[in-house]
Amino acid sequence: MRLDIYLFGDELLRKRASDITDITPEIRRLAEDMLETMYYHEGLGLAAPQVGVPLRLTVMDIRRDGSGKIVLINPVIREIRGKQAMEEGCLSFPDIVASIERATELTVEFISLSGKRKENKMSGVAAQAIQHEIDHLDGVLLIDRMSVARRALLAGRLRRLRKRGAGGERR
Ligand code: ZN
């Protein structure tokens, strides 16, 4: 089932999400629905708070075709290396992109949907995407990472979007 995506301006996006202690059928269903929602909107990743669920769960597929599908529960970044500014968008910020500085390499520890503890090395777009998704779990959004200049340039659009999100509009 496709889920509604909460927009910037909605207070729920600012909450710190809680750890998942038990992988219940509801959690499995949520991951499945989040993947469906992510593919529908052609996103690279989606975090549970973006669909109104304040839990530490995120889904990603940087290939966007099912072959790079990954579900990460309680993800934690362990080692980071390098720094690079890359263009970034967010499903909660429709039609907005900004250049964001991110680590280029990292190791992420997480629990898989089958309950196994895993450790993945990521680089490039995958590293960028997981940093973006973990930001969501901490209530940190694209706007917080933008340069002052970019934020000023987008001020009107961001203001209109915040109003829509605060009014409970979803996509
Ligand atoms: Zn996002």
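The legends below describe close-up views of a predicted model. Local features need pLDDT of at least 70, side-chain atom pairs count only at pLDDT 80 or more, and totals for chains, interfaces and linings use all residues. Residues are numbered from 1 along each chain as its sequence is written, and side-chain values use heavy atoms, with hydrogens and water left out.

**View 1. The open sheet has five strands in the order β1-β2-β3-β6-β7.** Pairing in this sheet is antiparallel. β1 (45–47) and β7 (117–123) are the edge strands, each pairing on one side only. From one strand to the next, the twist averages 40 degrees. Helices (H or I, at least four residues) and strands (E, at least two) are DSSP runs, numbered from the N terminus. Two strands pair if DSSP finds at least two bridges between them.

**View 2. Strands β6 and β7 pair in the antiparallel sense.** Seven bridges join β7 to β6, which covers residues 105–111. F110 has K118 in β7 as its bridge partner. Strands of a sheet pair through backbone hydrogen bonds, either parallel or antiparallel.

**View 3. Helix α1 lies across β1, β2 and β3.** The helix spans residues 25–40, while β2 covers 57–60 and β3 covers 70–81. α1 runs at about 40 degrees to β2. Axes are lines fitted to C-alpha atoms, for helices over the stretch in contact (heavy atoms within 4.5 Å). Angles run from 0 to 180 degrees between N-to-C directions.

**View 4. The largest pocket has a volume of about 370 Å³.** Its lining has 22 residues, of which G43, L44, G89, C90 and L91 lie nearest the centre. β4 (84–88) and α2 (124–137) are the elements that give two or more residues to this lining; α2 gives the most, with five. By class, nine lining residues are nonpolar, six polar and seven charged. Ala, Val, Leu, Ile, Met, Phe, Trp, Tyr, Cys and Pro count as nonpolar, Asp, Glu, Lys and Arg as charged, and the others, Gly among them, as polar. On a 1 Å grid over the protein atoms alone, a pocket is an open set of points where a 1.4 Å probe fits, with protein on both sides within 12 Å along at least five of seven lines; lining residues have an atom within 4 Å of a point. Grid points are joined across faces, edges and corners, and a volume is the space filled by probe spheres set on the points.

**View 5. The second largest pocket holds about 170 Å³ of space.** Among its lining residues are I77, I100, R102, Q131, D135 and R145. β5 (98–102) and α2 are the elements that give two or more residues to this lining. Four of the lining residues are nonpolar, one is polar and five are charged.

**View 6. R14 is in the segment before α1.** R14 counts as partly exposed because its relative accessibility is 32%; the class lies between buried (under 20% relative accessible area) and exposed (over 50%), with a 1.4 Å probe and protein chains only. Leaving out residues up to four places away in sequence, R14 touches F8, G139, V140, L141, I143 and D144.

**View 7. R64 and D95 have positive phi values.** Most residues other than glycine have a negative phi. R64, in the loop between β2 and β3, has a phi of about 65 degrees. D95, in the loop between β4 and β5, has a phi near 65 degrees. R64 is partly exposed at 46% relative accessible area, and D95 is exposed at 70%.
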